[in-house]
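This report describes a structure for a reader who is new to it. The sequence and the structure come first, and the notes follow.

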Amino acid sequence: MTGSWWGQIGYWILTKGLPIVLLLIGSLLIARFINWAAQKVSGRLDERFRESDALVRPEAIKHRQAVASVTSWVAIVIVYVVVVVQITTILAIPIGSLVAPAAVVGAAVGFGAQRVVQDLLSGFFIIAERQYGFGDLVQLTISGAADDARGTVEDVTLRVTKLRSSDGEVFTIPNGQIVKSQNLSKDWARAVVDIPVPVTADLNRVNGVLHEVCRTAMTDPSVKDLLLDEPSLMGVESIEPQNVNLRMVARTLPGKQFEAGRRLRVLVVAALSRAGIVTLAEKSPTVSA
């Protein structure tokens, strides 16, 4: 009796247990290979960008990295689903008998997993519509959050978006909770420099100095590589009791508007100082996106 019992266990291990273990090990190895391949693709794209002379990551590379991340995730899910189906076949579990319990469990899980489904659908459209990708500087409005999340995209999957802020913090945001996305590094950006000068200043002279800054900016080594075209002086933006605000705008490389604005501000202050025109200390030139 005991020998027969041990024989049945040995037979089950050889015919069912061993194939199940091999399937599980194989699925883990395949999942690791898929992750390795996705990281290899992303690393090659990064290396190609670093070897180029470009200051910003091209849109095509950002999109390919996002697609590689999502594709690897979907492939791993498919592998696990196939393995589960194979295991049920080996164990001779009748699928038909699981339909009713699965329907009940599916309904219960469905009510609780609505947000997950919403995250997956939102992530699909984010990637399909190329709203943003790896390396983009974005500002996301999140449902239920008082403040927007702003930072550089470090990872985009079907479920979440990971941002790293300028302070080094990492935000993990479910895609379904993103109400509005602002891509600050899509194709090109705009640096806006506001220059407050005293109301007593000669505006014609000030305009002449600022026009000269705009003309020489494209040849200045500190800022020329960040600009796409010559900055423009928009003129008087606002009038206040103590000062007049003039505005200068410039198209820049994507994500470089803040750096370009800071460098333009240095050129503006230096040019005005050489001309003997002093901007108000409490309202120095500011930059906004």
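The model is predicted, so local features need pLDDT of at least 70 and side-chain atom pairs count only at pLDDT 80 or more, while totals for chains, interfaces and linings use all residues. Residues are numbered from 1 along each chain as its sequence is written, and side-chain values use heavy atoms, with hydrogens and water left out.

Met218 belongs to the loop between α5 and β7. Helices (H or I, at least four residues) and strands (E, at least two) are DSSP runs, numbered from the N terminus. Leu228 is 10 residues from Met218 in sequence, and the two C-alpha atoms are 8.7 Å apart. Leaving aside neighbours within four places in sequence, Met218 is in contact (heavy atoms within 4.5 Å) with Lys224, Leu227, Asp229 and Glu230.

## Strand pairs

Two strands pair if DSSP finds at least two bridges between them. Strand β3 (residues 160–164) pairs with strand β4 (residues 170–174) in the antiparallel sense over five bridges. Arg164 stands opposite Val170 in β4. The two strands form a hairpin with five residues between them, and Gly168 in the turn has a positive phi of about 90°.

Strand β7 (residues 232–239) pairs with β8, also in the antiparallel sense, over six bridges. Here the hairpin has three residues between the strands. Met248 in β8 is the bridge partner of Leu233.

The side chain of Thr252 reaches the backbone nitrogen of Gln257 at 3.4 Å. Leaving aside neighbours within four places in sequence, Thr252 is in contact with residues including Trp188, Ala191, Leu226 and Ala260.

## Nonpolar cores

A nonpolar core is a set of buried Ala, Val, Leu, Ile, Met, Phe, Trp, Tyr and Cys residues joined through side-chain atoms within 4.5 Å. The largest has 26 residues, of which Ile195, Val206, Leu210, Met248, Leu264, Val268 and Leu272 touch the most other members. Two or more residues of this core come from each of β6 (189–198), α5 (203–217), β8 (243–252) and α6 (257–274). Apart from it lies another core, of 14 residues, among them Val70, Ala149, Val153 and Ile173.

Val206 is in contact with Val197, Ala201, Leu246, Leu272 and Ile277, leaving aside its neighbours within four places in sequence.

## Rings and partly exposed residues

Rings of Phe, Tyr and Trp (its six-membered ring) pair if their centres lie within 6.5 Å; planes under 30 degrees apart count as stacked, over 60 as edge-to-face and the rest as tilted. The count by this rule is two aromatic pairs. Phe124 and Phe125 form an edge-to-face pair, with 5.4 Å centre to centre and 75° between the planes.

Arg130 is found in the loop between α4 (114–128) and β1 (137–142). Its phi is near 55°, a positive value in a residue other than glycine. The table gives the accessibility of these residues.

| Residue | Relative accessibility | Class |
|---|---|---|
| Phe124 | 46% | partly exposed |
| Phe125 | 42% | partly exposed |
| Arg130 | 44% | partly exposed |

Key. Buried means under 20% relative accessible area, exposed over 50%, partly exposed in between (1.4 Å probe, protein chains only). A polar contact is a pair of N or O atoms within 3.5 Å; within protein, one must be able to donate a hydrogen and the other to accept it, and residues adjacent in sequence count only if both atoms are side-chain atoms.
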